[in-house]
Amino acid sequence: MPKLVLSMDGLVLKELALTKERTTIGRKPDNDIQIDNLAISGHHAVITCITNDAFLEDQNSTNGTYLNGQPVKKNVLRNNDVIELGKYKIKFLTDGVKTGLSPSEMIDTAALKPFEMPGVSTDVTASAAGPAPTETQVVAAAARHQLEQAGGPAAAAERLGVIQVLSGANAGRELQLTKSMTTLGKPGRQVAVITRRPHGYFITHVEGASFPLVNGKAIDAQARHLNDHDIVELAGVKMEFFLRG
């Protein structure tokens with residue numbers, strides 16, 4: 001069972017096993033870990049445990065939350081990670097060391113030329129938003145037909161879906177799901193499509209021997225409805241789906 005070790009200046013102040021889904025940290029007494037210091041916000045940060053994974057999230061604190069010396073808003077926790085809140089440090093420990101996820105790319109290929117026939121090369125022009133992806137996704141026309149049938153006509157949802165990357169080289173990046181279809185994953189390894197429908201967002205497996213995970217469970221061949229704050233794991237990268245607006 002994972003646990004947290006709170007310390008200051010090398011002196012251990014408290015140890016807490018993560019037995020709850022949500023563990024709160026802050027200055028107010030209703031937190032699971034109370035740190036009575038003015039540098040700590042009333043509700044400073046929260047750690048959420050889903051299946052075998054734990055995620056650290058800053059709660060819009062005044063002085064910020066740091067993980068291994070870097071400011072974070074939301075990030076996956078790994079064994080021996082150190083959370084820093086002012087002068088206080090909280091070490092995250094698991095029963096066994098888990099191998100870290102290797103960085104892999106999250107590719108939004110729907111913005112390029114999706115669903116082309118195999119063998120067609122695509123030239124990608126860099127945009128002002130950042131460097132262009134180095135790989136493009138190619139899906140057979142039959143797969144396109146199947147996905148279009150599943151997705152139906154595009155329509156604007158009342159709230160915009162957003163994907164936030166939680167692990168890997170692109171941790172912290174956000175991708176707004178404004179298109180009727182958005183392709184995610186790594187070609188040749190695992191690819192899925194998120195379709196935007198009038199009644200919500202759905203994820204469908206496209207490529208790869210294994211199916212994407214949603215909240216730790218593999219989806220099946222059918223389109224799977226995404227709920228607010230679902231955790232998606234695709235091509236070795238953990239992402240959070242949430243609704244904005």
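Two strands pair if DSSP finds at least two bridges between them. Strands are DSSP runs of E with at least two residues, numbered from the N terminus.

The model is predicted: local features need pLDDT of at least 70, side-chain atom pairs count only at pLDDT 80 or more, and totals for chains, interfaces and linings use all residues. Residues are numbered from 1 along each chain as its sequence is written, and side-chain values use heavy atoms, with hydrogens and water left out.

**View 1. Strand S1 and its two partners.** S1 pairs with strand S2 (residues 11–17) in the antiparallel sense, over six bridges. S1 is also joined to S11 by six bridges, again antiparallel. Leu4 stands opposite Leu16 in S2 and opposite Phe92 in S11. Two residues separate the strands in the hairpin of S1 and S2, where Asp9 takes a positive phi near 55 degrees.

**View 2. An open five-strand sheet.** The strand order is S4-S3-S5-S6-S9, with mixed pairing. Strand S4 (33–34) and strand S9 (74–76) stand at the edges with a single partner strand each, so one side of each has no neighbour in the sheet. Strand S3 (residues 22–26) runs antiparallel to S5, joined by four bridges. Thr24 has Val46 in S5 as its bridge partner.

**View 3. The largest nonpolar core.** A nonpolar core is a set of buried Ala, Val, Leu, Ile, Met, Phe, Trp, Tyr and Cys residues joined through side-chain atoms within 4.5 Å. Buried means under 20% relative accessible area, with a 1.4 Å probe and protein chains only. Of the 20 residues in this core, Ile35, Ile47, Leu56, Leu77 and Ile83 touch the most other members. Strands S1 (3–8), S5 (45–50), S6 (53–58), S10 (82–85) and S11 (88–93) each give two or more residues. A second, separate core has 18 residues, including Leu184, Val214, Leu226 and Val237.

**View 4. Surroundings of Ile83.** Contact means heavy atoms within 4.5 Å. Beyond its neighbours within four places in sequence, Ile83 contacts Ile47, Leu56, Thr65, Tyr66, Leu67, Leu77, Tyr88, Lys89 and Ile90.

**View 5. The second largest pocket.** On a 1 Å grid over the protein atoms alone, a pocket is an open set of points where a 1.4 Å probe fits, with protein on both sides within 12 Å along at least five of seven lines; lining residues have an atom within 4 Å of a point. The space here is about 420 Å³, a volume filled by probe spheres set on the points. Of 18 lining residues, Glu57, Lys74, Gln164, His229 and Glu240 are the closest to the centre. S5, S6 and strand S21 (237–244) each give two or more residues to the lining.

Key:
Buried < 20%, exposed > 50% of the residue type's maximum accessible area, 1.4 Å probe, protein only.
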